[in-house]
Structures are given as C-alpha cells and as structure tokens.
Amino acid sequence: MAPKFGTSGLRGLVTELTAACVDDHVGAFIKSCDMGTGLFVGHDLRASSPDISDMVTEAARMRGITVTQCGPVPTPALALAAMQDGAAAVMITGSHIPADRNGLKFYTPAGEITKEHEASIVAALGATAPATQRASVTQSETVAQSYLDRYVLAFADSLLGMCIGLYAHSAVGRDLMADLLTRLGAQVVMLGRSDVFIPVDTEAVSAPVRAQLNDWAAEHAVDAIISTDADGDRPLVADETGNIVVGDILGQITAALLGAATVVTPISSNTGVAQMGKFETVVRTRIGSPYVIAGMSANPNRVVGYEANGGFLLGFDAEGPTGPLPSLLTRDAVLPILACLAAARDTSVSALVASQPPRFTAADRLQDVPTDRSLAFVEELRDDSARRAAFLAPFGAAEEAVNTDDGLRMTLANGRIVHLRPSGNAPELRCYVEAETPVLANEMLSQGLAQLRSVFDSPTE
C-alpha cells in the first residue's frame, strides 16, 4: 500500500518512504502551509526514523527553509517547541504501527495540520521545485527539557509518596518520563526497557502485555504503571493491580481536574462523559485529532479534547494542581497520566476509576486485512439490516440505532455498542465496544473479533 494520509498524518511502508517520496511531501507541505520562522524536525526510536529525519531536513533546506533538528523527542514536545518559536514542524513516527512502517506528522506554527491543510498538501504533490541554495541547519538540545518544565510547574510535588512503574519499552520519552516522575516526588520502577522497537498500541493492548502488567504490579507493589506509545502522544495507565485504565476514562478525569467547560471527543469514546454532570457541553466528532481540533475550534469555551486512545488536547490556559498550564493544541500523553495519578494520590487509581459513570470501552484490531475488503464488509453491514442482525446476534440484544459518521457504530437495545471502522492508514479493521463493566466490554470485544475473524478467514468474503 503506497504511503497515504490518514487520521495521524502520512503513513506507509518504510521501503516506500523513499527520499523522493519524502521530498515530494515535504515540498508540498512547504508550498501549501505557513512555515513561520522555519522547520523543527524530530523523530521516534524506530530504526528507520533517523534516516527519514535526514531526508526531511534535506528537502526543507533545498527549498530555503531553515531547519532545527531536535533528534529523538516526544511528538508533543516537538510541537510545543515549534509553536513557541513560531515555526512549523515535522515529526517522523509511525506511532503504534509495526517497525516496517513509518510516517510523517506535519505541524504549522499554529499546531497540527487540519484536514484542509492535508487536502492542500495532497493537491501540491508533484508540483514543487527545490530552491537553488540550501538554508542552514541547527541542533536543539532544549526541546525535551522545556516540555518537562511545563509539567513540573503545574504538578509540583503532586506525586509525593507514590511508587510508579514505568513501562519503558521503546518509547522515545521514556527517560524524560522517568525524570519527570522523580521530580514530581514519585519513586520510579523502570520496567520492560527494550533496545528493539516494540509497537505499543495504547488503544488495543495485547493479552501478553496485559498479563505482564498484572505480574509487574504484583511483584513491585506499585500505585500505578504508566507508559506511552512510541512517540509519546498516547498514554497507557494501569492501576495498582495492573488493570488498564482506558484512554477515554483518562480523558474525562483530566477534563474534570482542569475545570473544562467544553469536552470534544470522537464517537469511539465512552458515553459516560455526558453523564458526569461536570461539563456544559459535550461534542462528538469523527475519529482522529484533526476532527477533534476542528470541534474544539468551533466550541472554544474552556475547551479540551481527547480521544479513546487517551491523547489529550488542551485548548485553554488552565491551572494545574500547583501552577499554570498553558494550552497545547496537540495530542499529548503526559497530561492525562499526571492528572490521573494526582487525582488518585489520596485514594487509589482503581477507586478513582470506580467513581466514574459505569461506561467502559475496549478496542482492538484485525490486522493484515486489505482495506478494500474491510470497507466492502462494513458497507455491506451498513446497507443490509438482515446481515447486521446476524452479525449482532451473538451479542444477545437487538439493534436499536446505527451511526455511520465514521465506520459503522451499532447501539444495542441494552445500551451496549459495537463499532467497526476500517483504518485510514494501515490494512486493519478496528473494533470498538462499550458496555457497563470492563469485564463485559472485554467479553464483547473478544466476541466481535471472533466474528470478524470468521468473516475474513473466508476467501469468499
């Protein structure tokens, strides 16, 4: 599958992200979008990322754009530094997808590119030419430290007395996170550090990783275990027993802690946020941070946004427990992690989760499903009520409502939800479910994946 734009920027196989491909996309970005004072470039820890970073740097320099290379840094740290400098940015990361794939995330000086920016970039492909003189390139060593300082001010001493396990794997911000937790007063237990890239999807945590989290929690007597995806814009939090706190629960906890008035979140997030009674407005969007950002722009009153994967966007200048927290309009993992830990310090993470409305989501994906097959299957279910009824029969309740804003979201008569969505940038079919307990949600997810496997194991589907 050739590189293409999805909900998280340009993604594709590493073998297809050639110098020519990268040059074309960076050139189209420069032609279509404001570069401000120049271009900041950062990357994650997958093996292919440094070389692609160099490709991006050369493509920009050849077009007269000054480049600041930031090296391996979390995506939100890069975005924050670039926006503070009035510069554009490109992050080289494939986030949670396997190491044979990678991608580019584009930022204007105002933040993540919009869907309109994306359309302009695509339209400009193949129509740019390099400048005749190269611009300069510099190195920055302060990007990560500025990002860390932001949270030390807002959450100083908020974690005093806590013992936190840090699942380091191959996350680009693992050492930064350890430093931050320590500065906020926590004892840190480093877990699972890897020199080989591990794709961690915080929205679809595998059974072996879940079992490992349980084992670590029992072994180390921690108050929580935390982690992020590869580039640090999606959080992973497990409670004191190792059970995962899903991303949308983290989002609503964070929104409440910050005193948000408006919450914008995709339809894949749980419906309990509207039952909390803490927010003036709850807005639902299609899945993907560009849609969340658009919804936030249309509803600016003390607005925050979050996704079911836990990535949190702060749209107003808020107050943390100990100091100011300026807005950061890009998906971030650190804020929801710290908000959850700080809110749970005097009780426990499991008790904090138990205090939320009883609506729980679970999600996973069927991999290596050609996009055309998954699209055709979802369209068939959408258009054929009898086929939908047959698919939903194992869930024990009839269909009550259907939403087709983003994939196919089916609400059952008992209030539970099954949502199918082909990925926009990988050969995957996502399955999201919602139920009144985590156990039921996970049972529904297992049933949904079994249903999908039975379909796609058949070559006639």
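Glutamine 451 sits in helix H14 (residues 438–456); helices here are DSSP runs of H or I with at least four residues, strands are runs of E with at least two, and both are numbered from the N terminus. This is a predicted model, in which local features need pLDDT of at least 70, side-chain atom pairs count only at pLDDT 80 or more, and totals for chains, interfaces and linings use all residues. Residues are numbered from 1 along each chain as its sequence is written, and side-chain values use heavy atoms, with hydrogens and water left out.

Glutamine 451 has a relative accessible area of 15% and is buried (under 20%, with exposed over 50% and partly exposed in between; 1.4 Å probe, protein chains only). Leaving aside residues up to four places away in sequence, glutamine 451 touches Ala390, Phe391 and Pro394, where contact means heavy atoms within 4.5 Å.

Let's move to helix H6 (residues 174–183), whose buried residues include Arg174, Met177 and Leu181. The buried residues of H6 pack against helices H5 (143–154) and H10 (334–344), and against strands S9 (163–169), S10 (187–193) and S11 (224–228). Just past H6, glycine 185 adopts a positive phi of about 105°.

Five strands form an open sheet with mixed pairing, in the order S10-S9-S11-S12-S13; two strands pair if DSSP finds at least two bridges between them. S10 and S13 (244–245) are at the edges with a single partner strand each, so one side of each lacks a neighbour in the sheet. S12 (residues 235–238) and S13 run antiparallel, joined by two bridges. Alanine 238 has isoleucine 244 in S13 as its bridge partner.
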